[in-house]
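Visitor: Please take one part of this model and describe it closely, with the cut-off behind each term. I should also like to know how that part relates to the rest of the chain.

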Amino acid sequence: MKNENVMSELNRLLRTERPDLLRYASYKLGNVDDAEDAIQDSYLNVYSKIKANGTSGIDNMRCYFFRTLSNICNTNVAKRSKITAVPVEDCDLPDESTDDFCEEYKRISLLLNQIPEEQAEVIRLRMYGGNSFTQIAEILSVPLPTVKSRFLYGLDKIRKGFKLDY
């Protein structure tokens, strides 16, 4: 594939997949502004890679972009843990459902923080990123059965956590 075709594929991906990318990054980072920045950083990273190296190493643009976004979100989360975090109540989120998102984000964050991160990441990529298990396996560079078991074990742990609360 020529670089021009790859660039138009990248631009098409950003237009069509933006809601899933934004939802995934928002749930990973906790606010829309950081999610927008992460998507922009991901775009620049992928764009720079294509300009410098062509398409080598990019078989599936959507999965490659999600992997890049996931890595940038993980880096941001790691940096954030070294500084004082802003309470989720003060998060800046889309106007259409800010209160709902904050409440949902709090509940989901509490649940996902109680399970191993690799299970939580699979759940976020599946539920909020709109990815198939096959795509998640490619994004995380792990076998498909591992992705499926992480998803099921994570959901099982969350369900057991609910039972303990009631």
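Guide: The account below turns to helix 2 after a brief overview, and then to other parts of the chain.

This is a predicted model, in which local features need pLDDT of at least 70, side-chain atom pairs count only at pLDDT 80 or more, and totals for chains, interfaces and linings use all residues. Residues are numbered from 1 along each chain as its sequence is written, and side-chain values use heavy atoms, with hydrogens and water left out.

The protein has 7 helices and 0 strands; helices (H or I, at least four residues) and strands (E, at least two) are DSSP runs, numbered from the N terminus. The order of elements from the N terminus is α-α-α-α-α-α-α. Of the 166 residues, 41% count as buried. Buried means under 20% relative accessible area, exposed means over 50%, and partly exposed lies in between, with a 1.4 Å probe and protein chains only.

Helix 2 comprises residues 32-53. Its 22 residues should span 32 Å at 1.5 Å a residue, and the end C-alpha atoms are 31 Å apart, which agrees; the expected span is 1.5 Å times one less than the number of residues. At the start of helix 2, a side-chain oxygen of Asn 31 comes to within 3.2 Å of the backbone nitrogen of Asp 33. Such a polar contact is a pair of N or O atoms within 3.5 Å; within protein, one must be able to donate a hydrogen and the other to accept it, and residues adjacent in sequence count only if both atoms are side-chain atoms. Just after helix 2, Gly 54 takes a positive phi of about 75 degrees.

Which residues of helix 2 are buried? They are Val 32, Ala 35, Ala 38, Ile 39, Ser 42, Tyr 43, Val 46, Lys 49 and Ile 50. Viewed down the axis of helix 2, these buried residues fall within an arc of 140 degrees, so they line one face of the helix; the arc is that of the directions from the helix axis to the C-beta atoms. An α-helix has 3.6 residues a turn, so residues three or four places apart point the same way. On the other side of helix 2, Lys 51 and Ala 52 are exposed.

Ile 39 has a relative accessible area of 2%. Although Ile 39 and Phe 65 are 26 residues apart in sequence, their C-alpha atoms are 9.0 Å apart in space. Ser 42, also found in helix 2, has a relative accessible area of 0%. A polar atom of the Ser 42 side chain lies 3.5 Å from the backbone nitrogen of Leu 69.

The aromatic residues come next. The structure holds 4 aromatic pairs; rings of Phe, Tyr and Trp (its six-membered ring) pair if their centres lie within 6.5 Å, and planes under 30 degrees apart count as stacked, over 60 as edge-to-face and the rest as tilted. One of them joins Tyr 27 and Tyr 128, stacked at 3.9 Å centre to centre with 15 degrees between the planes. Tyr 27 lies in helix 1 (residues 3-29) and Tyr 128 in the loop between helix 5 (117-127) and helix 6 (133-140), so the pair ties together parts that are 101 residues apart in sequence. Tyr 27 is buried at 8% relative accessible area, and Tyr 128 is buried at 13%. Tyr 47 is partly exposed, at 32% relative accessibility.

Most residues other than glycine have a negative phi. Ser 141 sits in the loop between helix 6 and helix 7 (144-165) and is exposed, at 57% relative accessibility.

Finally, the cysteines: a disulfide is a pair of cysteine sulfur atoms within 2.5 Å, and by this rule the count comes to 0. Cys 63 is buried at 0% relative accessibility, and Cys 73 is buried at 0%.
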